[in-house]
Amino acid sequence: MHDRSRSLLALYTDEVLPALAGQLDRAFPEFGWRRDRDGWVATNDELTHRLLGVRADRVVAHGEAPAGFLVHGAGPTLWTAYVNGGEPPRGAAFVDAVRTLAERAGLAPNLLEEPRPVDRRADLLHDFFVLGRRELMSDRGAAARAYLVEQRGFPEHALDESSLGLVPAAERAGEALRRLGYSREEIDGAAVLADSRWPGRIVGAWRDDRARVRTLWARTLDPAANGDGKYLYLRGASRAGLLPYGASSAIAGPGADRSTLVLVEGVMDVHQLRARGFENAAALGGTSIRPATFELLARRGVERVILALDNDQAGREATARVVEAAGRAADAPAILVLDPAQLGRHKDPDALVRSEGIAAFRSLLGEATCGITWRALEHVLELGDGPSARREALARAGRWLGRLPARLSLEQEDAVHAIAETCGYSPEAVGRAFRARFWRASDRDQARDLGPIER
């Protein structure tokens, strides 16, 4: 049976980073850290000039449990890289780095050897998925591998690292799980053998923000399948409260780039992108996204999210809902939108990269625009004829913009300029009308203090 102790990564994020965040001045005295309202700022100019070539006040460690420090204008450095001589550690070097950081944080020297709390259900789902990974790469997985390569366009060399599996026959899977020490009651409770449609399907593991497996999905190999039978999800396992599919591995690993997370619609799109070297992708996977999801992404250090959903009406509607959810969050990464129509003749990013390559997708992402402006313009797409129709369109946009929180004031102003230009009015006139009719009293007061909306 695999080691039941909590993963080193979970230990690092759950215990070591929070402990460091509370005492950076003692853990890294060389920086001369002092607290500010967002966390910590360095004060030792001599050190920061020598190591980083900047003034000390350009070096900060902000957030609830920062994974490293940020040099304004130059980017982040992980604590693990800092104690490893500047290079992100891997393998045994990562273990040594975590041990060093735990000691600096004043945690018990034997912390890495202590037994961790057990989550039997998450362990069982993990082990079932491992069985599926082996099944895919075995002789029994030949047809599934052919499907992925020939029909889905996966690079054959990427299959072994694809994080995809194949659901084994129920009898063999049950026997294997029992050999690993799981009882029949545990297996039945996890429902991994409950649906006779699962065996022979491609399977993926949906993890939480601590990288624990919380549910699984299974996709048919039938390319003509549509509707509810195309994807099956684990019976009785809620996806509420989970990060988007694939987000945990994109943003949580050592050396992860949290500057941008690209959010697509389908779970297979994530694997298609990663098979071509694009790691920072996650998927809605048929779930509705909530404001709390963006708050969690912000706490995990994600700076911006680019929405690249499907090129159809459902994709446009989903994009609008996601932007609105981000707008209701207490905090969120910056939200950008790749307009679905920019995918051209392709239905989704999966089809685009298969046809034109990953470079074409990366290029398109560079054309993403502010999500708030995009959503506001969606309200004025159908202007109609005459002043009355234009004013009705402006009213739709104004009511929505008026509900945005103060943290989005700059995005709100940019949207006012965009919709004013679209509707043929001056930004000043639209701004005055919105303040009078749609903005809350506190927002109107603030707007008076700031003066008119001008470029």
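A crossing of two helices is called right-handed if the near helix is turned clockwise from the far one by less than a right angle, and left-handed if the turn is anticlockwise. That term is needed at the last stop of this tour, which moves through a predicted model.

**First stop: the five-stranded sheet**

Select β1 to β5. These strands form an open sheet in the order β1-β2-β3-β4-β5, with antiparallel pairing. From one strand to the next, the twist averages 35 degrees.

Next, display strand β3 (residues 59-62) together with β4; the two run antiparallel and are joined by two bridges. Within this pair, V59 stands opposite V71 in β4.

Then move to strand β4 (residues 68-71) and strand β5 (residues 75-78), an antiparallel pair joined by four bridges. Here L70 is found opposite P76 in β5. β4 and β5 form a hairpin with three residues between them. Select G73 in the turn, where phi is positive, at about 90 degrees.

**Second stop: the four-stranded sheet**

Select β6 to β9, an open sheet with the order β6-β7-β8-β9 and antiparallel pairing. Its edges are β6 (165-166) and β9, each with a single partner strand, so one side of each is left without a neighbour in the sheet. β6 runs antiparallel to strand β7 (residues 202-207), to which it is joined by two bridges. In this pairing G165 stands opposite V203 in β7.

**Third stop: parallel strands**

Strands of a sheet pair through backbone hydrogen bonds, in either the parallel or the antiparallel sense. For the parallel sense, select strand β10 (residues 260-264) and strand β12 (residues 304-307), which pair over four bridges. V262 stands opposite I306 in β12.

The bridge partner of I306 in β13 is L336.

Select K230, E265, G266, D310 and K347, which are the closest to the centre of the second largest pocket among the 37 residues that line it. The pocket has a volume of about 890 Å³.

Which elements give two or more residues to the lining? They are α7 (142-151), β9 (231-233), α11 (267-274), α13 (313-328) and α14 (349-356). Colour α13 separately, as the largest share of the lining, seven residues, comes from this helix. By residue class, the lining of this pocket divides into 14 nonpolar, eight polar and 15 charged.

**Last stop: a pair of helices**

Two packed helices are described by the angle between their axes and the distance between the axes. Select helix α18 (residues 409-423) and helix α19 (residues 427-437), whose axes come within 9 Å and cross at roughly 115 degrees. The crossing of α18 with α19 is right-handed.

Which residues make this contact? On α18, show V416, H417, I419 and A420; on α19, show P427, V430, G431 and F434. The residues of this contact divide into six nonpolar, two polar and no charged.

Notes: Residues are numbered from 1 along each chain as its sequence is written. This is a predicted model: local features need pLDDT of at least 70, side-chain atom pairs count only at pLDDT 80 or more; totals for chains, interfaces and linings use all residues. Side-chain values use heavy atoms; hydrogens and water are left out. Axes are lines fitted to C-alpha atoms, for helices over the stretch in contact, and angles run from 0 to 180 degrees between N-to-C directions. Contact means heavy atoms within 4.5 Å. Ala, Val, Leu, Ile, Met, Phe, Trp, Tyr, Cys and Pro count as nonpolar, Asp, Glu, Lys and Arg as charged, and the others, Gly among them, as polar. On a 1 Å grid over the protein atoms alone, a cavity is a set of points where a 1.4 Å probe fits but cannot get out, and a pocket is an open set with protein on both sides within 12 Å along at least five of seven lines; lining residues have an atom within 4 Å of a point. Grid points are joined across faces, edges and corners, and a volume is the space filled by probe spheres set on the points. Two strands pair if DSSP finds at least two bridges between them.
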